[in-house]
Amino acid sequence: MHCPYCRHTDTKVLDSRVAEDGGSIRRRRQCQGCDKRFTTVELMQLTVLKRSGATEPFTRDKAIAGARKACKGRPVTEDQLQCLGQEVEDALRASGYAEVPAHEVGMAILGPLKRLDEVAYLRFASVYRQFESADDFEDEIAMLRSERAVFRQSDDGSEIPAAELLTSAPPG
């Protein structure tokens, strides 16, 4: 570890703390050359195990790029895609595995993408799940419709069981 002030290579760890989510460690350090203090944050390195057996570091940008292709021409903002990428990364980190199969990365993208835009979800799912016919699309659309019948979104974006909507009093 190089000191950010004087580039000295000898630093002493004064304090280490695990972040609340357990995904990173914060270390308070002191340079042995100039005595200045600084903080470092260490993140668990996620790696993706590809079908070929090769591994590569997980990159949020690559996950976002796949979702971006599915969202082409859809009313989805770059901020929404960034949030999706963060949600995917958080889900993968929460799994507790340092090495995640590529299949799981795709699965982690499907849920947030479905909530973001159903058309983009269908596009992504058709490639990811290798749809072979119109029947595959029809089956997926039927599943989306049945889920929509069970859950409706409230004004704040949270999901409410449709049965609650039928039994609750109308507003105002």
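Are Phe124 and Tyr128 buried or exposed? I looked this up, and both Phe124 and Tyr128 are buried (buried is under 20% relative accessible area, exposed over 50%, partly exposed in between, with a 1.4 Å probe and protein chains only).

**Basis.** I worked on a predicted model, in which local features need pLDDT of at least 70 and side-chain atom pairs count only at pLDDT 80 or more, while totals for chains, interfaces and linings use all residues. Residues are numbered from 1 along each chain as its sequence is written, and side-chain values use heavy atoms, with hydrogens and water left out.

**Aromatic pairs.** I searched the whole structure and found 2 aromatic pairs. Rings of Phe, Tyr and Trp (its six-membered ring) pair if their centres lie within 6.5 Å; planes under 30 degrees apart count as stacked, over 60 as edge-to-face and the rest as tilted. Phe124 and Tyr128 are stacked, at 6.0 Å centre to centre and 20° between the planes. Both residues sit in helix H4 (residues 118–128), 4 residues apart, about one turn of the helix. Helices (H or I, at least four residues) and strands (E, at least two) are DSSP runs, numbered from the N terminus. Phe131 and Phe137 have ring centres 5.0 Å apart and planes at 90°, so I note this pair as edge-to-face. Phe131 counts as buried at 17% relative accessibility, whereas Phe137 is partly exposed at 34%.

**Core.** I then looked at the largest nonpolar core, which has 27 residues (a set of buried Ala, Val, Leu, Ile, Met, Phe, Trp, Tyr and Cys residues joined through side-chain atoms within 4.5 Å). Phe58, Leu92 and Leu113 have the most contacts inside this core. Helix H1 (60–70), helix H2 (78–94), H3 and H4 each give two or more residues to the core, and H4 gives the most, with 6 residues. I listed what Phe58 touches beyond four places in sequence: among them are Leu46, Val48, Ala63, Val88, Leu92 and Val105 (contact means heavy atoms within 4.5 Å).

**Sheet.** I found an open sheet of 3 strands in the order S5-S4-S6, with mixed pairing (two strands pair if DSSP finds at least two bridges between them). Strands S5 (55–57) and S6 (99–101) stand at the edges with a single partner strand each, so one side of each has no neighbour in the sheet. The twist averages 35° from one strand to the next (axes are lines fitted to C-alpha atoms, for helices over the stretch in contact, and angles run from 0 to 180 degrees between N-to-C directions). Strand S4 (residues 47–49) pairs with S6 in the parallel sense over 3 bridges. Helix H3 (residues 102–116) packs on the sheet, touching S4 and S6, and its direction makes about 75° with that of S6.
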